[in-house]
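Work through the exercises below with the model open beside the text. Each task is followed by a solution in steps.

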Amino acid sequence: MAALRKEYLVVIIIIIISSASSSYLVCSQGQVLRVGFYSNSCPNAEAIVRRVVSEAAASDENTAPILLRLHFHDCFVQGCDGSILIENDDASSDERRADGHQGVRGFEIIERAKSEVEAACPNIVSCADIVALAARDAVLLAKGPSYEVETGRRDGLVSNVRMADGMPDVTDSIQTLKSKFFHKGLTDKDLVLLTAAHTIGTSACFFMEPRLYNFRGAPGISDPSINPVFLPELKSTCPQNGDVNVRLAMDRGSLHTFDKQILENIRGGFAVLQSDATLYQDAATRSVVDSYFGALNPFFGPSFEADFAVSMVRLGRTGVLTGSQGTIRRVCKSFN
């Protein structure tokens, strides 16, 4: 009976993910963002990106969270247009230099994939699409769900550090986070699921200092939502006035595996980041978190993996350029 239920669950997850990703988005000027956009013009594009990502992951176990984060940061500023990749003549004005993008990496992996795609199909595939495809492949490498990526994005022509001022911050309140996501066309459920991408990867002690030693501007005070068992562990890893570059797993007990352990940690007061912890301090987002731990889950409740895939597709539709908008950059860091 258990085996039958498991098989039933797998079928449902596949159906849900297929339904989410096989749809298409009609953008301005009647242009379509769709799965398989390059099936005729550059049929090997996705395979090339997948191979480059796999090669990068073989030499750096942090590749998956790096590329997942790069996609999110690209989409959340001016939309999924690859603008975070651009290097201006004045480097200080680059979007990637914004405070909200601190620690974002993976640019060289995207450039490598772009170079190989260009060799096969010159001036066809956008950098923005390569970022989105690489994020999908990264999730799968971390044992997360496989989903189809809608393609057909064009690349942006503007890289401005000031445009990243509205990035979500680890010190944001839950209301601020909800507002920022709402203004990108994303829901409270998307907020929970995209935050759950923190199930893989690390953060620096730099982002922990206020939460551990100066919570809401009170010297010596720690965030009271931290489980008392967990607090000494965090302080040991990130001592006051210690090395702010020391890194710690964002998902306690599940650093390299994509799963819902991050949500279990949030429920129990074991969230590492303050912004993650706030998800359990609001009725709407708390309800979403709890929905993945109901008595009937995972057999008949919502699937975290399938819902995450849906939210990633929705994120990938944010502010896209299509048709005659934007351009196709031949080198992702350049305007050319």
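## Confidence of the model

pLDDT, the predictor's confidence in each residue on a scale from 0 to 100, stays under 50 over residues 1–23. For this stretch the model has 28 contacts beyond four places in sequence, a contact being heavy atoms within 4.5 Å. Over the chain the average pLDDT is 90, and 90% of the residues score at least 70.

This is a predicted model, in which local features need pLDDT of at least 70 and side-chain atom pairs count only at pLDDT 80 or more, while totals for chains, interfaces and linings use all residues. Residues are numbered from 1 along each chain as its sequence is written, and side-chain values use heavy atoms, with hydrogens and water left out.

## Exercise 1. Helix H5 and its partners

Task: describe how H5 packs against H3 and against H4.

Solution. 

Step 1. Locate the helices, which are DSSP runs (H or I, at least four residues; strands are E, at least two) numbered from the N terminus. H3 covers residues 63–78 and H5 residues 127–141, and H4 covers residues 107–120.

Step 2. Take H3 with H5. Their axes come within 8 Å and cross at roughly 145 degrees; axes are lines fitted to C-alpha atoms, for helices over the stretch in contact, and angles run from 0 to 180 degrees between N-to-C directions. The crossing is left-handed, meaning that the near helix is turned anticlockwise from the far one by less than a right angle, whereas clockwise would be right-handed. H3 contributes Ala64, Leu67, Leu68, Leu70 and His71, and H5 contributes Val131, Ala132, Ala134, Ala135, Ala138 and Val139. These residues divide into ten nonpolar, one polar and no charged (nonpolar: Ala, Val, Leu, Ile, Met, Phe, Trp, Tyr, Cys and Pro; charged: Asp, Glu, Lys and Arg; polar: the others, Gly among them).

Step 3. Take H4 with H5. The axes are 10 Å apart, at an angle of about 120 degrees, and the crossing is right-handed. Ile110, Ala113, Lys114 and Val117 of H4 meet Cys127, Ile130, Val131 and Ala134 of H5. The division here is seven nonpolar, no polar and one charged.

## Exercise 2. Helix H7

Task: is H7 enclosed or open, and what packs against its buried residues?

Solution. 

Step 1. H7 spans residues 188–195, and six of its eight residues are buried, so H7 is largely enclosed by the rest of the structure.

Step 2. The buried residues are Asp190, Leu191, Val192, Leu193, Leu194 and Thr195. They pack against H6 (174–182), H10 (261–268), H11 (274–277), H12 (283–291) and H13 (304–315).

## Exercise 3. Aromatic pairs

Task: how many aromatic pairs are there, and what is the geometry of Phe76 with Phe181?

Solution. 

Step 1. Apply the rule: rings of Phe, Tyr and Trp (its six-membered ring) pair if their centres lie within 6.5 Å, with planes under 30 degrees apart stacked, over 60 edge-to-face and the rest tilted. The count comes to ten aromatic pairs.

Step 2. The ring centres of Phe76 and Phe181 are 5.1 Å apart and the planes lie at 55 degrees, so the pair is tilted. Phe76 is in H3 and Phe181 in H6, so the pair ties together parts 105 residues apart in sequence. Both Phe76 and Phe181 are buried.

Step 3. Ring pairs also link Phe258, Tyr292, Phe304 and Phe308 into a cluster.

Definitions and conventions:
Buried < 20%, exposed > 50% of the residue type's maximum accessible area, 1.4 Å probe, protein only.
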